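Please open the model in your viewer and keep the selection tool at hand. The tour below moves from one selection to the next and describes what is found at each stop.

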Amino acid sequence: MALISMQDLSWGLGDAPLLDKISMQIEKGERICLLGRNGAGKSSLIKLINGSLSQDSGEIRFQQGITTAILEQEVPYRAEGAVFDMVALGLGHKGEILVQYRSLSKSLTACNPENLSGYEALQHQMNAVSGWVLAPQIEDLLARAGLEPGLDFAALSAGMKRRALLCRAMIRQPDILLLDEPTNHLDIDTIVWMEDYIAKNIQTLLFVSHDRAFVQRIANRILELDRGRLISYACDYKTYLRRREDDAQSEINQNRRFDKKLSAEEVWIRQGIKARRTRNEGRVRALKKLREAFRARRAEIGRVNMKTQDAERSGKLVIEAKGIYYSYAGVPYIRDFNTVIMRGDKIGLIGPNGSGKTTLLKILLQEITPDCGSISHGTKLQVAYFDQLRLQLDENKTVVQNIGEGNDFIEFNGQKRHVISYLHDFLFPPERTRTPVHILSGGEKNRLLLAKLFVKPANLLVMDEPTNDLDAETLELLEDLLLDYTGTLLLVSHDRSFLNNVVTSTLAFEGNGTVREYPGGYDDWLAQRPATDSLLKPEAKISKLRITRNKSEKPLKLGFNEQRELEAIPRIIDELETEQKHLFADMCHPDFYKKNKDEIAAITLRLKEIETEIAVTYRRWEELDAIT
């Protein structure tokens, strides 16, 4: 029996619903990628399955007792609380008990240890909901996602919030995991970690993604949402591309034959009076059905028509950086960086979130002054900057006001064009151009920012995460445009396929302020990067905890050494948590950042090691306790 089945499901506004009597099933073990153009209704379908929306008609049936968890496309910026609390609350009532116990434990430690009112009752509740097992599972998941449990969720970057929300969805271990653009705002390391985690731990999945490498790795079935219809392809992404191409050509041929037949029948019905007196009434009824089918046929969604303005060629030398050093709060982000960027170079920047990619872009553009070193620009530079935060868009103005800036016409490559005509190239119909920007979807905002970017001549394109929220077809068109672009490109992206297809060299942030340049794209960097211990998973570095037993081999009782290990674990955890507490107190001291830089880095590294050791120790405790 299918986990979820839909029958004649419809949803949407107006005469052309986004979902038009669709039917589908989701079986256990399927990892389904839902594809379609921006605005096709993918997010709406995800929300219908999760119960966040109600269908207009049709039916959704769930197998009894199944659970779902969702990661939505938009990040909630007003959510409050610690990261641990945000993730724990994904467990519902059990999570609430965990949060209460954690909060009370902190208050007892910080204030009055003698005040144990309610503490014992919470301990009993923790026992009832297996809280002692759930808490280390949450901390382990957060550690693997690179998140500290005590951080304030509201203070995190968009990428870090997305990691936390992903952990919140995963911790429930749902029967069906629903992900809407899960790779948005995530760095490549986190995307690769998420791929590995899903591959090993998630059986059934329905997700929307524009990341082609992610889709190819995860999906074993593709659903395409096109003009209200849902088309299923039981294959991987590369095979789907070939089959879709064949289907598209078949549809074109079928429509051509249909139109030819309709035209012939229209000629026949308009013959002379004598012919109409003797006409075949069955043929007339068939013609009426042809007309109805033609009116009901929905045209294919248009393609973005992106072009860049012709710009004066820059000098051969575009940017030269010498001995760049930049730090913030005593932590080095960029150390001893040198590069020469020539006209026509297409350079990608990769690295973890918060490593300094956007900062380096602004240093190269002379918007930020480094602590040491120099930046020099070549001649005749005309810069266009794509900002991942979309700060160049005025959210309170309409689409047309953002492009025209008070004018009805723009000049594009020497020709005068009406703003609405120009916006039509970016799939904004006339009625949509009067819409305030703040109610546009993420994909529409990115298309609008691209339209604004290309409306002015530029021989140096600087693009910070341009691929977020764009559908696969628009991504491919943007790739083609950048490949043909004769100017210079600086590109920050976490889309591995996009990097492989566009850039000619890569600047990689490799930790501790080191930025190295490699020829080629992402895959080329993977092949050339140094193989260091830092690339190993943190768990692989912990030698004092002997986690070598095959989990499928469960002994009837603990051995002597295992019994001693079990007895020692509470003491080990206590020592680790005490050390962690002292390090946190040290970091909170006002004079902490006056210390030697190497000492600061060592303390920060030790904190991460302690978090990992605590998580692994709890897991070992759980394993040994299960045997007893």
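Begin with the open sheet of 6 strands, whose order is 14-17-18-12-19-20 and whose pairing is mixed; strands here are DSSP runs (E, at least two residues) and helices are DSSP runs as well (H or I, at least four residues), both numbered from the N terminus, and two strands pair if DSSP finds at least two bridges between them. Strand 14 (383-386) and strand 20 (515-519) stand at the edges, and each has a single partner strand, so one side of each is left without a neighbour in the sheet. From one strand to the next, the twist averages 15°.

Before going further, note that this is a predicted model, in which local features need pLDDT of at least 70 and side-chain atom pairs count only at pLDDT 80 or more, while totals for chains, interfaces and linings use all residues. Residues are numbered from 1 along each chain as its sequence is written, and side-chain values use heavy atoms, with hydrogens and water left out.

Within that sheet, select strand 12 (residues 346-350) together with strand 18 (residues 488-492), which pair in the parallel sense over 4 bridges. Ile347 has Leu490 of strand 18 as its bridge partner.

Next, select strand 7 (residues 205-208), where Leu205 and Phe207 point one way and Leu206 and Val208 the other way, all of them buried (under 20% relative accessible area, with a 1.4 Å probe and protein chains only). Strand 3 (residues 31-35) runs parallel to strand 7 and is joined to it by 4 bridges, with Ile32 partnered by Leu206. Strand 6 (residues 176-180) also pairs with strand 7 in the parallel sense, over 4 bridges, and there Leu179 stands opposite Phe207.

Now turn to helix 6 (residues 158-170) and helix 7 (residues 188-201), whose axes, lines fitted to C-alpha atoms over the stretch in contact, come within 12 Å and cross at roughly 5°, on a scale from 0 to 180 degrees between N-to-C directions. That makes helix 6 roughly parallel to helix 7 (an angle under 35 degrees). The contact (heavy atoms within 4.5 Å) is made by Arg163, Leu166, Cys167 and Met170 of helix 6 and by Thr190, Trp193, Met194, Tyr197 and Ile198 of helix 7.

Notes: Parallel < 35°, antiparallel > 145°, perpendicular 65-115°, else oblique. Buried < 20%, exposed > 50% of the residue type's maximum accessible area, 1.4 Å probe, protein only.
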